[in-house]
Amino acid sequence: MGLHTILKKLKQKEHEVRLLMLGLDNAGKTTVVKRFCGEDISTISPTYGFNIKTVEHEVDKYGYKLNIWDVGGQRSLRSYWRNYFECTDGLIWVVDSADADRLRDCQEELKKLLEEERLAGATLLVFANKQDLPEALSAEQIRDILDLNSLKTHHWYILPCSAVTGENLVDGIDWLIRDIAARIFTLE
């Protein structure tokens, strides 16, 4: 019995899920995490390094312990993202829908991530964030720019959201947990 099998069995017992939240700087990753965890979002600073939040969350009458790794997205930090890939069950990619100038860079970074072997089994949730801004592109436009329809290596879902208002954050996390649970947990 390998270490991976042992860890998987422990996760099944505790319904523990490791989520990695990435995206370019200023996409709203920390605001998403704080809003989801019910924390104050009035003062958010750029993340230099990472933050870990652990939260209990119920989906379909099953309790889950979510360990959310929020990692800074500045260009100088992106080469360090690989240090957080191990044992990732779900990848949350946060996009600033109102920053059309950086969407190609966003697409290139996501493509590189999805080629990483250690993220091969991870479910992908794309939050098209900042939908509360008038210049925000739709989730469909973001999907096309990121070329998600050509993605065959990961289960994925894109959802328009606003970290400021909280719109669709819980729905997105619920979808992510259901997809992960179908893959790694034996639900009684």
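I use these classes throughout: buried means under 20% relative accessible area, exposed means over 50%, and partly exposed falls in between, with a 1.4 Å probe and protein chains only.

**Entry 1: ground rules**

I am working on a predicted model, where local features need pLDDT of at least 70, side-chain atom pairs count only at pLDDT 80 or more, and totals for chains, interfaces and linings use all residues. Residues are numbered from 1 along each chain as its sequence is written, and side-chain values use heavy atoms, with hydrogens and water left out.

**Entry 2: E109**

I started with E109. Is E109 buried or exposed? E109 has a relative accessible area of 9%, so I log E109 as buried. I found E109 in helix α3, residues 103-114. Helices here are DSSP runs of H or I with at least four residues, strands are runs of E with at least two, and both are numbered from the N terminus.

Next I looked for partners. I count a contact when heavy atoms are within 4.5 Å. Leaving out residues up to four places away in sequence, E109 touches L24, R78, W81 and W93. With R78 there is also a polar contact between side chains, at 3.4 Å. A polar contact is a pair of N or O atoms within 3.5 Å; within protein, one must be able to donate a hydrogen and the other to accept it, and residues adjacent in sequence count only if both atoms are side-chain atoms.

**Entry 3: the annotated threonines**

I checked the record. Which residues does UniProt place under "binding site"? The unreviewed entry gives T30 and T47. I note that UniProt positions follow the numbering used here, that feature names are shortened, and that annotations may be inferred rather than shown by experiment. The two residues are spread over 18 residues of sequence, yet they cluster in space, with a largest C-alpha distance of 7.4 Å.

T30 sits in helix α2. T47 sits in the loop between α2 and β2 (50-59). I log T30 as buried because its relative accessibility is 13%. T47 is at 10%, so T47 is buried too.

I then listed contacts, leaving aside neighbours within four places in sequence. T30 meets I44, T47, N51 and D70. T47 meets T30, D70, V71, G72, Q74 and L77. The side chains of T47 and T30 make a polar contact at 2.7 Å.

**Entry 4: helix α2 and its cover**

I went along the helix that holds T30. How many of the eight residues of α2 are buried? I get six, so the helix is mostly covered. The buried ones are K29, T30, T31, V32, V33 and F36. Their cover includes β1 (16-22), β2, β3, β4 (90-96), β5 (123-129) and α5. Just after α2, I noted a positive phi of about 75 degrees at G38.

**Entry 5: α2 against α5**

I compared the axes of α2 (residues 29-36) and α5 (residues 169-184). They come within 10 Å and cross at roughly 90 degrees. Axes are lines fitted to C-alpha atoms, for helices over the stretch in contact, and angles run from 0 to 180 degrees between N-to-C directions. The two helices are therefore roughly perpendicular to each other, a class that spans 65 to 115 degrees; under 35 is roughly parallel, over 145 roughly antiparallel, and the rest oblique.

At the contact, V32, R35 and F36 of α2 meet L169, V170 and I173 of α5. I sort these residues as five nonpolar, no polar and one charged.

**Entry 6: D60**

D60 is in the loop between β2 and β3 (62-71). I log D60 as partly exposed because its relative accessible area is 45%. The side chain of D60 makes a polar contact with the side chain of R178, at 2.7 Å. D60 and I177 are 117 residues apart along the chain, but their C-alpha atoms are separated by 9.9 Å.

V94 lies in strand β4. At 0% relative accessibility, V94 is buried. Not counting residues up to four places away in sequence, its contacts include M21, L22, K29, V32, F127 and N129.

S97 lies in the loop between β4 and α3. S97 is also at 0%, so I call S97 buried. What does the side chain of S97 reach at 2.8 Å? I find the backbone oxygen of N129 there. The side chain of S97 also makes a polar contact with the side chain of Q131, at 3.1 Å.

Technical notes. Nonpolar A, V, L, I, M, F, W, Y, C, P; charged D, E, K, R; others polar.
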